[in-house]
Amino acid sequence: MVEATPQRSRSWSDIPMDIAGLVLRLLPAHADRARFAAVCPQWRAAARLCPLPTPLPLLALPDGTFYSLSYDEPFRFPGFGFADYKTTCGSWLVFPADDGCFLVDPFTGATVTLPALSSVRLRPPNAVAKYDLQGNSRAASPATWMHIHDSEKLHISKLILCSPNLVAAIVGIGHSSQILVCQPGALSWSGRAYDAIKEFEDMAFYQGKLYAIASDENLLVVNISQDQSTGNPQVSRIGRVIKGEPFCTYFVHEYLTVDIVPNKKLYLVESRGTLLMIRRKIWCLCKHAPLTEPEAPRHVVSGPNQFDVFKADFEQSQWVKVTTMGEEQVLFLWRRCSRAVSVSRYGMSGDQIFFLDDDEENAKQYEYNEEITSFSVYDMRDGKIYSPLPKASWKRCDEMRLVAWLFPQD
């Protein structure tokens, strides 16, 4: 009689690599993929080796907690606390430092250092601020980097790691800004001293070129060259490629003490090989002071949001309005970092815009009625706005602009 060989019990770790990849592809959240990889070495290898679609972004809060869009409960990354970051840039959290700033990727632990805003190589190097006499006073005409570079309020409002050798930043005071560039790890930025400062709203690296959008909705291409003596990147020229037709801001009188005040914010996002401009309209209520208190300040309070989406037609040099982004595309908007993500494989509907209340530092345009806030979603199909995760909320305060999207690496 032949004795049967006992069969080894199968383990979950025996799942073939291709089956593990299929499971991973169905997990939209970075946290779920991390939990999958933590089960055993075989699953960790699958998470590392299987080609996966881009996961959904995380919502980063200033206290170092994060939300996955699939869950109401926050989580923290192990190790470094990640609290008190200044802004985000793709998968990077940006922290201030005495001699500049440093970037940390919480997904990989990688770091990058950037120079201080007080260290800028000027072109020309001997530039000085120029003024015109107007009566008994001096006026900057036009205002340039030389008129704002030493302000204590100078800050970075947008940062892009364009390539391993190029970092671009929109730097300024309130609505007045200029574009600086440098290499990661460099000791100084590079800037053009006499270019007129503009109201730069956003910036995007698209098909190997750097583009910026100004408040007048002009699309500008920022040409980058190499300093022949140092090899460092520098802005050689900024030229207009699309002339904008800006949405007009005006006052509509409704009541004796209340006006409707349109405000707008602009975003640049690449989506499926197309460069998009998103115009966000915030219909604010302006509450005037009572007639008995004419010196009291007026209060502008945020109201309903609407969005218009345009694609850049470079051949015709114009913006073309689009009414749909397709059933697969969702936009995640924040002034410091935005992105389009394909979501159909995750069971989510496309043609939606996830957006944050993102006041620009030193340039707040309106107030808010509610103390508690969360992210909201605009549906392009019916124009309605809703809040998908009411528990993912935080108290509104002066630092509310720090709540941000953080995009795991592809």
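Here are some questions and answers about the predicted model shown above.

User: Before we start, what pLDDT do local features need here?

Analyst: Happy to set that out: residues are numbered from 1 along each chain as its sequence is written, and side-chain values use heavy atoms, with hydrogens and water left out. As this is a predicted model, side-chain atom pairs count only at pLDDT 80 or more, totals for chains, interfaces and linings use all residues, and local features need pLDDT of at least 70.

User: Which strands are at the edges of the open sheet of four strands?

Analyst: The order in this open sheet is β14-β15-β16-β17, with antiparallel pairing. Strands here are DSSP runs (E, at least two residues) numbered from the N terminus, and two of them pair if DSSP finds at least two bridges between them.

User: What is the bridge partner of Ser225 in β17?

Analyst: Strand β16 covers residues 219-226 and pairs with β17 in the antiparallel sense over eight bridges. In β17, the residue bridged to Ser225 is Gln234.

User: Which strand gives the largest share of the lining of the largest pocket?

Analyst: A pocket is an open set of points on a 1 Å grid over the protein atoms alone, where a 1.4 Å probe fits, with protein on both sides within 12 Å along at least five of seven lines; lining residues have an atom within 4 Å of a point. The largest pocket is lined by 30 residues, and the closest to its centre are Gly90, Phe205, Glu270, Ser338 and Arg339. At least two lining residues come from each of β10 (155-163), β14, β19 (258-271) and β25 (339-342). The largest share, five residues, is supplied by β10.

User: Is Asp84 buried or exposed?

Analyst: Asp84 sits in the loop between β2 (66-68) and β3 (87-89), and has a positive phi of about 65° although it is not a glycine. Buried means under 20% relative accessible area, exposed over 50%, and partly exposed in between (1.4 Å probe, protein chains only). Because its relative accessibility is 59%, Asp84 counts as exposed.

User: How many residues apart are Arg279 and Glu217, which meet in a salt bridge?

Analyst: A salt bridge is a side-chain nitrogen of Lys or Arg within 4 Å of a carboxyl oxygen of Asp or Glu, and here the N to O value is 2.9 Å. Arg279 counts as buried because its relative accessibility is 9%, and Glu217 is also buried, at 1%. With Arg279 in strand β20 (residues 274-287) and Glu217 in the loop between β15 (209-214) and β16, the pair links distant parts of the chain, 62 residues apart.

User: Which strand holds Asp308, the salt-bridge partner of Lys281?

Analyst: The closest N and O atoms of Lys281 and Asp308 are 3.0 Å apart, and both residues are buried. Lys281 is in strand β20, while Asp308, 27 residues apart from it, is in strand β22.
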